[in-house]
Amino acid sequence: MLLTVLSPQLASAQDCLGDCNGDGRVAVNELVIGVNVALQRAEISTCEAFDDGSGEVGIAVLIGAVLNALEGCGAATPTPAATATPTTAGATVFQGALPRTSGRFSFQGSIGIDGADTECDEQFAGSHACTIGELRAAESAGELDGATDTAGVAVTSFWAIDPTRPADEQCEVSVPWDYATAHTGQFADVVALDNGTGALGALQENAVCATQRWVGCCL
Ligand SMILES: [Ca+2]
C-alpha cells in the first residue's frame with residue numbers, strides 16, 4: 001500500500017484536482033476524501049476529481065489538491081513525488097511464485113485456478129494467481145528480476161493465464177488449468193522469464209500441459 005501511495009504518477013489534466021463537488025475550490029473535507037481514498041478507506045468513485053487515471057490516489061495528486069486548496073484551483077502543477085524503487089519484497093504487483101507445476105494445478109485440495117488463488121493468498125497475503133497481463137505489469141515495474149518461488153528456486157517461466165484465451169489453450173477440460181497429460185490437443189500459453197534481467201519473453205502458444213512451469217502470485 002505504501003508503495004502504491006508513493007508511486008510517481010502524474011495527474012492527468014483535471015479542471016481542479018481535489019474539487020469533488022465542482023464548485024471551483026478545494027475544501028478541507030474534500031482533501032479528507034482524497035486521503036481516505038489513498039488509504040483505501042474509500043472508493044475512488046467517492047470523488048473522481050482525485051483520479052489521475054490510475055483508479056488510485058497517489059501522493060502527487062494529494063499534493064496537487066492541497067496546493068489547490070491553499071492557493072486556488074489551477075495552482076497545482078503536480079510533479080512526481082519521491083520515487084520508491086520497487087523490489088519483490090515491496091512490489092506492487094508480483095509477490096512471488098508457487099512451486100513449479102504442470103498445467104493441472106493442484107493446490108489446497110483444489111484443481112485449477114481456484115486452488116492456485118487460495119495458495120497464493122496463503123503464501124502472499126491478498127494475492128492471487130497472476131494473469132499474463134499482471135505479469136507484464138510486474139515486468140514493467142521491474143519486479144521480476146531474481147524472482148524465486150516459495151522453495152527458493154529461481155523462476156524461469158510462467159503459465160500465461162489469460163481467461164480470454166480459448167479453453168483448449170488454458171489446459172482446460174472441466175476447469176481452467178486442469179489438464180496434465182500430453183495426448184489430446186489441450187495446450188497452454190507460456191512465457192519465459194530471463195531471471196537475471198526480469199524480462200519476459202514473447203507469448204509461446206501450444207505448450208504441453210504436462211510440462212512444468214511456475215504460477216506467479218500477484219496483488
Ligand atoms: Ca469543492
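This is a predicted model: local features need pLDDT of at least 70, side-chain atom pairs count only at pLDDT 80 or more; totals for chains, interfaces and linings use all residues.
**Helix 3**

- Helix 3 runs over residues 59-71, which makes 13 residues.
- From its first C-alpha to its last, helix 3 reaches 18 Å, close to the 18 Å expected at 1.5 Å a residue.
- Which residues of helix 3 are buried? They are Ala 60, Val 61, Leu 62, Gly 64, Ala 65, Asn 68 and Ala 69.
- Helix 2 (28-38) is included in what covers these buried residues of helix 3.

**Strand 9 and its partners**

- Strand 9 spans residues 213-218 and is mostly covered, with six of its six residues buried.
- Strand 1 (residues 94-101) pairs with strand 9 in the antiparallel sense, over five bridges.
- In strand 9, Gly 216 has Ala 97 standing opposite.
- Strand 4 (residues 128-129) also pairs with strand 9 in the antiparallel sense, here over two bridges.
- Opposite Ala 129 you will find Cys 217 of strand 9.

**The nonpolar cores**

- As background, nonpolar side chains in soluble globular proteins tend to be buried together.
- The largest nonpolar core in this model has 36 residues.
- The residues with the most contacts inside this core are Phe 94, Leu 98, Ala 116, Ala 129, Trp 159, Val 215 and Cys 217.
- Two or more residues of this core come from each of strand 1, helix 4 (113-123), helix 5 (132-140), strand 5 (157-159), strand 6 (187-194) and strand 9.
- Strand 9 gives the most, with four residues.
- Another core, of 15 residues, lies apart from the largest one, and its members include Cys 16, Phe 50, Val 61 and Ala 65.

**Two loop residues with positive phi**

- Gln 108 sits in the loop between strand 2 (106-107) and strand 3 (110-111).
- The phi of Gln 108 is near 55°, a positive value in a residue other than glycine.
- Gln 108 counts as partly exposed because it has 14 C-beta neighbours inside 10 Å.
- Cys 171 belongs to the loop between strand 5 and strand 6.
- Cys 171 is also a residue other than glycine with a positive phi, near 50°.
- Is Cys 171 buried or exposed? Cys 171 has 27 C-beta neighbours inside 10 Å, so it counts as buried.

Terms used. Residues are numbered from 1 along each chain as its sequence is written. A residue is buried if 20 or more other C-beta atoms lie within 10 Å of its own, exposed if 12 or fewer, and partly exposed in between; C-beta atoms are placed from the backbone. Two strands pair if DSSP finds at least two bridges between them. A nonpolar core is a set of buried Ala, Val, Leu, Ile, Met, Phe, Trp, Tyr and Cys residues joined through C-beta atoms within 7 Å. The expected span of a helix is 1.5 Å times one less than its number of residues. Two residues are in contact if their C-beta atoms, placed from the backbone, lie within 7 Å.
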